[in-house]
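Hi,

Here is the structure I promised to pass on.

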Protein chains: 2
Amino acid sequence: MPSLQGQDIGFIGLGLMGRPMCKNLRLAGANLVIYNRSRAKVDALAKQGMSPASSPREVAERTDTVIMMVSDTPAVEKVLTAPDGVIAGLKPGALVIDMGTTAVQASRKLAGEVRKKGAEFIDAPVSGGVVGAEAASLAIMSGGLDIAVERAMPLFKVLGKNITHVGDVGAGQVAKAANQVIVGLTIGAVAEALTLAKRSGVDPAKVRKALQGGFAASRVLEVHGERMVKGTFEPGGKAITQRKDLSQALDLAQGLGLELPATALNMKLYDRLIESGGGELDHSALINVIDT
Amino acid sequence: MPSLQGQDIGFIGLGLMGRPMCKNLRLAGANLVIYNRSRAKVDALAKQGMSPASSPREVAERTDTVIMMVSDTPAVEKVLTAPDGVIAGLKPGALVIDMGTTAVQASRKLAGEVRKKGAEFIDAPVSGGVVGAEAASLAIMSGGLDIAVERAMPLFKVLGKNITHVGDVGAGQVAKAANQVIVGLTIGAVAEALTLAKRSGVDPAKVRKALQGGFAASRVLEVHGERMVKGTFEPGGKAITQRKDLSQALDLAQGLGLELPATALNMKLYDRLIESGGGELDHSALINVIDT
């Protein structure tokens, strides 16, 4: 793990993902200035040697690198552009890194506003869930100028393992949209396959094991397939989050005049899961919509 | 690799998969008695020290173990039950192994007819394609009695690497149906994701690489994703075969009163590919239906 000894890093958004990421940055020696909308989460981490700020603006005023890990596109927009937001406090030469899953078009627009202040913007969404955040093994897909991504690299190496610079600003979010399309649809595929096995009177656990050796092998079959076999759906990644990500991917496609029929169907299946009360379950609970 | 030195093994069906499988059995020392509907393929292998038979019946009369690797369920039925078929020549105590992808209901029925002759039946379909057949690294999913599967095991170990005894007769075909559902749907997922990236102006090759580190990682993203990025669609597994396998999986589901909405959609997308003349291409050519 690279050392971040003595570096001041701002971190906004202390949810399921943000908290373990902060802990890993702290372990690497960074001085963390943290902010979260609900104060209780700030206080808990303050006891572990991190320094609370009272607004995103204060985070920006006190650091040169600001990481955001908030829930959705409107939240990112607010954190950046509100009167007490990051942009209001941003120093020239600072670096803003959005590690959440944000709409591509919004990322590009926000990057423009950050640059007006003489600062730089990277989108760097992640895959790997809470487990990956805790184990510092997140896949990180980044978009931005070479010089900005290089500057963020030591910090990325503290948080993750598979770090790819995909392209310009927004390219990280495009890769994340592609990621969520594949994850959602592969969960749907495994759900239909294991249900077919179960209804045919064959042990889904044995089928899952048999399939791991062939072309059906995937991380989803391994991780989410096991959750389906055991029927344990603690998130992980929540169904409502997966649904939001699919909706963003479909918005992006629509803007390009591109039809994604399987993605559209998959989102409808997630709608059914959410309507039946499963929104807070892990996204692998999609099998409950198939195996009825 | 276990030795099959001096064992007589019958092999029916010398297509893209059957030929390399025969060669691997021969390399392990087996005496092969071979049959194929079109004679040219028999003659080519006869030059490599395998012994031709003039009918499936003759194959059964000259061996105690008969492997079938033919194209579809009607072909298996014909090879087994025709007047000059395997069953007509079957010795008591013989073992019949169907390694093709056959309908579950048909497998169970054919097993019954084989048993009437005092012989045993295993369904043992494979995943891994021509590459897996050549490298002797096929995943093999078997269904049948313990004693029959144990008897076939040395031979399976010559042909493949991930060998699972899933359950009773038909269970191997259930696992294969599940496999094909996952493969077809994951190909569809990767096709939509990489097209979304391309249309967004982001390099699909970089997105594919970025995604291999996270939850979107799969054998399909690795193997078929690369074919999509390069636009090279030599099979591999043909689109028409994938379509046939999806249709069989949907028939199985329908018989159980089970709806598989994503599988049904995926089959329709394969129909479109076939209608546009892509049936003989690799199944990864499904991206041509999305990226239009």
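**What I found**

Let's start in chain A: Glu259(A) sits in the loop between α12 (239-255) and α13 (261-275). (Helices are DSSP runs of H or I with at least four residues, strands are E runs of at least two, and both are numbered from the N terminus.) With a relative accessible area of 63%, Glu259(A) is exposed; that word means over 50%, buried means under 20%, and partly exposed is in between, using a 1.4 Å probe and protein chains only. Its C-alpha atom is 27 Å from that of Ala217(A), 42 residues away along the chain.

Before going on, the ground rules. This is a predicted model, where local features need pLDDT of at least 70 and side-chain atom pairs count only at pLDDT 80 or more, while totals for chains, interfaces and linings use all residues. Residues are numbered from 1 along each chain as its sequence is written, chains are lettered from A and ligands numbered from 1 in the order in which they are written, and side-chain values use heavy atoms, leaving out hydrogens and water.

**Helix packing**

α13(A) packs against helix α9 (residues 171-199) of chain A at about 65°, the axes being 10 Å apart. (Axes are lines fitted to C-alpha atoms, for helices over the stretch in contact, and angles run from 0 to 180 degrees between N-to-C directions.) The two are therefore roughly perpendicular, a label for 65 to 115 degrees. Val181(A), Gly184(A), Leu185(A), Ile187(A) and Gly188(A) of α9(A) make the contact with Ala262(A), Thr263(A), Asn266(A) and Tyr270(A) of α13(A); contact means heavy atoms within 4.5 Å.

Over in chain B, helices α12 (residues 239-255) and α13 (residues 261-275) pack at about 150°, with 10 Å between their axes. That makes α12(B) roughly antiparallel to α13(B), the term for angles over 145 degrees.

Gln242(B) belongs to α12(B) and counts as buried at 1% relative accessibility. Beyond its neighbours within four places in sequence, Gln242(B) touches Gln180(B), Val183(B), Gly184(B), Tyr270(B) and His283(B).

**A strand pair in chain B**

Strand β5 (residues 95-98) of chain B pairs with β6(B) in the parallel sense over four bridges; pairing needs at least two DSSP bridges. Leu95(B) stands opposite Glu120(B) in β6(B). From β6 (residues 120-123), Glu120(B) and Ile122(B) point one way, Phe121(B) and Asp123(B) the other, and all are buried. In a regular strand, side chains alternate between the two faces of the sheet.

Cheers

Key: Angles under 35 degrees count as roughly parallel, over 145 as roughly antiparallel, 65 to 115 as roughly perpendicular and the rest as oblique.
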